[in-house]
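Hi,

Here is the structure I said I would pass on. Have a look first, and my notes follow below.

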Amino acid sequence: MASQIENRPNYRLPITDPLYFVGRRELLKEMQQKPLDVRILLGGRRIGKTSTLNAFQWSLLDPNIDNIVRVFPVLIDLQVEQPKDLENLRYILIARLRESIDRWKQVPLASLREMYRSFIRQIASGEIAVSFLQQLNIKFNITNPDNERRLIHDDFLLAFLKTVNDLESLKFNGICFLLDGAEFLTSQDWANNAWSYLRGLKSDTAIKPFLGLLLSGYRELKEYQQAVGSQLLNIADIKWLSPLTALEMEEIIECRVRKESIELSKKNLAVIRAWSGAHPYLLQQILNSIFDICQEGVDFSSSSLKVLIENLIYEHDNEFKSWWNEDKSSGSFGDRERLIYQVFMQHRQGTIRSFAQQTKLSPIDVKNGLDILLGTGVIHKVGQGRYEIGTRLFEEWVKWQ
Ligand SMILES: Nc1ncnc2c1ncn2[C@@H]1O[C@H](COP(=O)(O)OP(=O)(O)OP(=O)(O)O)[C@@H](O)[C@H]1O
Ligand SMILES: [Mg+2]
């Protein structure tokens, strides 16, 4: 038993193993069919943005993919990279692209799962991007670290098109940049330039047929662009991630039960479903806690459930605080979302119209608020315009405030 806990993946980190990734199938299929589009994927903290980008990445790398255009995916975390300006962003795009290609070339032919595992573990040979750019006679300051290196547009264009050409021998006919943590850009004073530049790339006749863009991030990503009237937003397909469906939740539970050889009683299953509300992160954490208890051979009495829930609430206090966002520091809920959520706590469910009546907000305001509650993963859309309250864990935390 102990070894099963030891082998348990860290369910606080984004999923990188196809075996443990569940759901989001329709979205992945749609993105896979049109990998050269511009997309913005929005979602609250821990709803599964990075995991979905990883899944998109391995689905595009799959040598057996049944696509007319097979596009090479480059995943870049902008929160980690923190580009200093647009010229530096251009360098980072090209550098990570060349490094990813170098890593992919080193991957042995095997099952997709093995290939992806090997791909993310490979280390690109040092300074691969520098030597590539030097071969093209592109001049830039090579003594500086990555975050000081800059490319002008003409050099970016040259490097991009040369890479498109190189990729043909690897059977890829385009490049898709997956920019995770893209809300980082909204806090930069050069953000406007970045949006116009990315938009410009999708108008450039030389680049356009070979470039896909997928930006993922929090609500700021959309709201900032709306406020400044970003042209990128006008051409992007914008999607919110939401909690998993009931079926996907069962799939995760079943996958974890199988992996850790645990039997769950009906009562335990009901606890897991209700308290997680199919929020993927909360579901994984609740499963961890319950499995740990089950390993000790203890079943739930009402008092042990009470202790478990209390512990989970303490454990997730910071997370929930950032969702509730009373101090306006995290860009999650605002007054509008808090108001609508409180109506949910009273009535459990409703429609845009009923929430508009109960909150005195306009239907448009309610719709935008519901999108954010869905994207945070605390409510469900249940069809025919109805919405229902989700995770009880978060609801209980709100009651404690
Ligand atoms: N599709 C999925 N299948 C299984 N587990 C998932 C899935 N999506 C998310 N999870 C669980 O939720 C956790 C958070 O996912 P992830 O890190 O991808 O979210 P995120 O939205 O990128 O978070 P952050 O806001 O911190 O960047 C993962 O560690 C995993 O346990
Ligand atoms: Mg993430």
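Let's start with a helix pair: H2 passes H3 in a right-handed crossing (right-handed if the near helix is turned clockwise from the far one by less than a right angle, left-handed if anticlockwise). Helices here are DSSP runs of H or I with at least four residues, numbered from the N terminus. The contact involves Leu28, Met31 and Gln32 on H2, and Ala55, Phe56, Ser59 and Leu60 on H3; residues are in contact if their C-beta atoms, placed from the backbone, lie within 7 Å. By class that is five nonpolar, two polar and no charged residues (nonpolar: Ala, Val, Leu, Ile, Met, Phe, Trp, Tyr, Cys and Pro; charged: Asp, Glu, Lys and Arg; polar: the others, Gly among them).

Before you read on, this is a predicted model: local features need pLDDT of at least 70, side-chain atom pairs count only at pLDDT 80 or more, and totals for chains, interfaces and linings use all residues. Residues are numbered from 1 along each chain as its sequence is written, with chains lettered from A and ligands numbered from 1 in the order in which they are written.

H3 (49-61) turns up again at ligand 1. The shell there has 22 residues, with Gly48, Lys49, Thr50, Ser51 and Pro280 coming nearest; a residue is near if its C-beta atom, placed from the backbone, lies within 6 Å. Helices H3 (49-61) and H15 (280-295) each give two or more residues to that shell, which has 11 nonpolar, six polar and five charged residues.

As for domains, the assignment (automatic or from a database) gives domain 1 (34-240) and domain 2 (319-400). Their centres, taken over C-alpha atoms, are 33 Å apart, and 10 residues of domain 1 are in contact with 11 of domain 2.

Cheers

Conventions
Contact = placed C-beta atoms within 7 Å.
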